[in-house]
Amino acid sequence: MSTPHVVVVMGVAGTGKTTIGPLLAAELGVPYAEGDDFHPPANIAKMSAGVPLDDADRWPWLDAIGQWAHGRAGLGGVVSSSALKRAYRDRLRSEAPGVVFLHLSGDRSLIEERMAARKGHFMPTALLDSQFATLQPLEDDEAGVAVDVSGTPEEITQRAVAALRRLDT
């Protein structure tokens with residue numbers, strides 16, 4: 001990519017944000033930040049109990065991610081965040097106006113299968129329906145691309161790099 005964007009890897013739980021994010025960052029030669037690390041303990045406890053977060057829970061989390069992205073403006077970086085609603089992406093952009101979104105999207109059954117295979121993650125598959133119900137895909141006026149999550153992590157990463165490069169042309 002010709003400019004060092006900060007890329008927010010977004011999507012419902014189980015799409016591979018934590019897998020693809022570091023691979024993408026390595027490919028682009030920029031640092032990676034795990035979005036889950038920005039959650040306060042109360043949010044993790046809530047999700048671990050199978051309770052979806054509400055917007056009041058999300059605002060401080062999104063602000064913390066946005067502040068990290070703002071600090072990487074002009075330098076580049078990759079950070080994961082579900083960013084399921086337009087309002088959440090708008091909140092991130094209010095902190096870091098130049099962010100670009102990479103929406104990892106895919107078939108619900110594939111995503112559920114991958115979630116079920118994960119070990120030690122706080123997000124139960126029971127919350128997947130609420131994730132899909134909340135999801136508002138990127139709109140035409142939002143800087144970003146959608147990439148299908150079928151295939152290997154390396155294949156997905158290469159599709160993501162190619163799609164992000166097309167944004168710069």
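Entry 1, the helix pair. I am working from a predicted model. I began with α3 and α4, whose axes come within 8 Å and cross at roughly 40°. I then checked the handedness: α3 passes α4 in a right-handed crossing.

From α3 come Asp55, Arg58, Trp59, Leu62, Asp63, Ile65, Gly66, Gln67 and His70, and they meet Ala87, Tyr88, Arg91, Leu92 and Glu95 of α4. Sorting them by class, I found six nonpolar, three polar and five charged residues in the contact of α3 with α4.

Which residues of helix α4 are buried? For this helix, residues 86–95, I noted Arg86, Tyr88, Arg89, Leu92 and Arg93. Looking down the axis of α4, I see these buried residues fall within an arc of 160°, so they line one face of the helix. Next I asked what the buried residues of α4 pack against. My list has β1 (6–10), α3 (55–71) and β4 (100–105).

I stopped at Ala83, in the loop between β3 (77–80) and α4. Its phi is near 45°, a positive value in a residue other than glycine. Is Ala83 buried or exposed? Its relative accessibility is 0%, and buried means under 20%, so Ala83 counts as buried.

Conventions: Residues are numbered from 1 along each chain as its sequence is written. This is a predicted model: local features need pLDDT of at least 70, side-chain atom pairs count only at pLDDT 80 or more; totals for chains, interfaces and linings use all residues. Side-chain values use heavy atoms; hydrogens and water are left out. Buried means under 20% relative accessible area, exposed over 50%, partly exposed in between (1.4 Å probe, protein chains only). Helices (H or I, at least four residues) and strands (E, at least two) are DSSP runs, numbered from the N terminus. The arc is that of the directions from the helix axis to the C-beta atoms. Contact means heavy atoms within 4.5 Å. Axes are lines fitted to C-alpha atoms, for helices over the stretch in contact, and angles run from 0 to 180 degrees between N-to-C directions. A crossing is left-handed if the near helix is turned anticlockwise from the far one by less than a right angle, and right-handed if clockwise. Ala, Val, Leu, Ile, Met, Phe, Trp, Tyr, Cys and Pro count as nonpolar, Asp, Glu, Lys and Arg as charged, and the others, Gly among them, as polar.
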